[in-house]
Amino acid sequence: MSNHTAPPTLGIFLKRLRAQRGWTLREMSEASGIPVSTLSKVEHDRLTLTYDKLQRLGERLGLRMSELFAEEDGDASSPLAVTARRSIGGIANAVHVETPNYDYYYLSTELRRKRMIPVVAKIRAKSLEEFGSLVRHAGEELVYVLKGRVIVHTEYYDPVTLEEGQSIYLDSNMGHAYLVAEGCEEAETLGVMSSEDELMPELLTIHDEQTKGTL
């Protein structure tokens, strides 16, 4: 018998949350404002949710995004109770969120109330016109290029090109965008974003305009 554990998905987390609250799909739909058909497809891993819908879900259910993506173990009422946490994982058990510009793979989502958000991103956008408005959010971030070449545009500096093995550290409230450099179809980065405040909800809203009109 295989000991392989299936990686978590947004559908798994939604099913667990609905079971915890004793809701039917219709009751979840009424509480979240997301159609029953959409929720059903998400729970069966046939569809994911865009940033604006994830934000709406969290806000209407009164949840931080880190709590929405949290495993069942642990006491959510004790934010400082754990002093020796650890999390081991990778892409296979990351939470995948897709946007027009990036594929995000959020790591260590079972840890609640963490101040660092680790994420592997696969970057596709090749121009600022394609990317849209520069992104701004609270905190700081470090981005390290794993594969390909990345052009980093920032509000106050000239664009810089990062090769594999190079990184950039920046204040996240400065407008910024990560693009694929010429000659690359896709680039892959490892990023860590940090803030004293709960950061996940803000990260899940920054591309609302880019994802309007998509499921």
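Modeller: Gladly, and let's start with a pair of side chains: Arg136 and Glu155 form a salt bridge, with their closest N and O atoms 3.4 Å apart. Please keep in mind that this is a predicted model.

Biologist: What makes Arg136 and Glu155 a salt bridge?

Modeller: The label asks for a side-chain nitrogen of Lys or Arg within 4 Å of a carboxyl oxygen of Asp or Glu. Arg136 and Glu155 have their closest N and O atoms 3.4 Å apart, so the pair meets the definition. Side chains of opposite charge can pair when their charged atoms come close.

Biologist: Which parts of the chain does this pair tie together?

Modeller: Arg136 lies in the loop between α6 and β4, while Glu155 lies in the loop between β5 (150-154) and β6 (160-162), so parts 19 residues apart in sequence are tied together.

Biologist: Why is Arg136 called partly exposed?

Modeller: Buried means under 20% relative accessible area and exposed means over 50%, with partly exposed in between. Arg136 has 42%, and Glu155, at 33%, is partly exposed too.

Biologist: How many salt bridges does the structure hold?

Modeller: There are five. One of them joins Glu185 and Lys126, at 3.7 Å from N to O. This pair links distant parts of the chain, 59 residues apart: Glu185 is in the loop between β8 (176-180) and β9 (187-194), and Lys126 is in the loop between β3 (116-123) and α6 (128-131).

Biologist: Is Glu185 buried or exposed?

Modeller: Glu185 has a relative accessibility of 64%, so it counts as exposed, the cut-off being over 50%. Lys126, with a relative accessible area of 42%, is partly exposed.

Biologist: What about Glu43 and Arg18, how far apart are their closest N and O atoms?

Modeller: They are 2.8 Å apart, and the two residues form a salt bridge.

Biologist: How do α1 and α3 pack?

Modeller: Their axes are 7 Å apart and the angle is about 115°. On the α1 side the contact is made by Leu10, Gly11, Leu14, Lys15 and Arg18, and on the α3 side by Leu39, Val42 and Glu43. By class, that contact has four nonpolar, one polar and three charged residues.

Biologist: Now the strands. What makes β4 and β7 a pair?

Modeller: Two strands pair if there are at least two bridges between them. Strand β4 (residues 140-147) and β7 have five, in the antiparallel sense, so they qualify. As an example, Val143 has Ile168 in β7 as its bridge partner.

Biologist: In what order do the strands of the open sheet run?

Modeller: The six strands are ordered β1-β2-β3-β9-β4-β7, with antiparallel pairing. Neighbouring strands are turned by 20° against each other on average, direction ignored.

Biologist: Why are β1 and β7 called edge strands?

Modeller: Each of them, β1 (95-98) and β7 (167-171), pairs on one side only.

Biologist: What does β3 pair with?

Modeller: Five bridges join strand β2 (residues 102-106) to β3, and eight bridges join β3 to β9; both pairings are antiparallel. Tyr105 has Val120 in β3 as its bridge partner, and Ile117 has Met193 in β9.

Biologist: How do you know that β3 is largely enclosed?

Modeller: Six of its eight residues are buried, so the rest of the structure largely encloses β3.

Biologist: And where does Ser194 lie?

Modeller: Ser194 lies in strand β9 and, at 29% relative accessibility, counts as partly exposed. Ser194 and Ile117 are 77 residues apart in sequence, yet 6.2 Å apart in space, C-alpha to C-alpha.

Biologist: What share of the protein's residues is buried?

Modeller: Buried residues make up 44% of the 215 residues.

Notes:
Residues are numbered from 1 along each chain as its sequence is written. This is a predicted model: local features need pLDDT of at least 70, side-chain atom pairs count only at pLDDT 80 or more; totals for chains, interfaces and linings use all residues. Side-chain values use heavy atoms; hydrogens and water are left out. Helices (H or I, at least four residues) and strands (E, at least two) are DSSP runs, numbered from the N terminus. Axes are lines fitted to C-alpha atoms, for helices over the stretch in contact, and angles run from 0 to 180 degrees between N-to-C directions. Buried means under 20% relative accessible area, exposed over 50%, partly exposed in between (1.4 Å probe, protein chains only). Contact means heavy atoms within 4.5 Å. Ala, Val, Leu, Ile, Met, Phe, Trp, Tyr, Cys and Pro count as nonpolar, Asp, Glu, Lys and Arg as charged, and the others, Gly among them, as polar.
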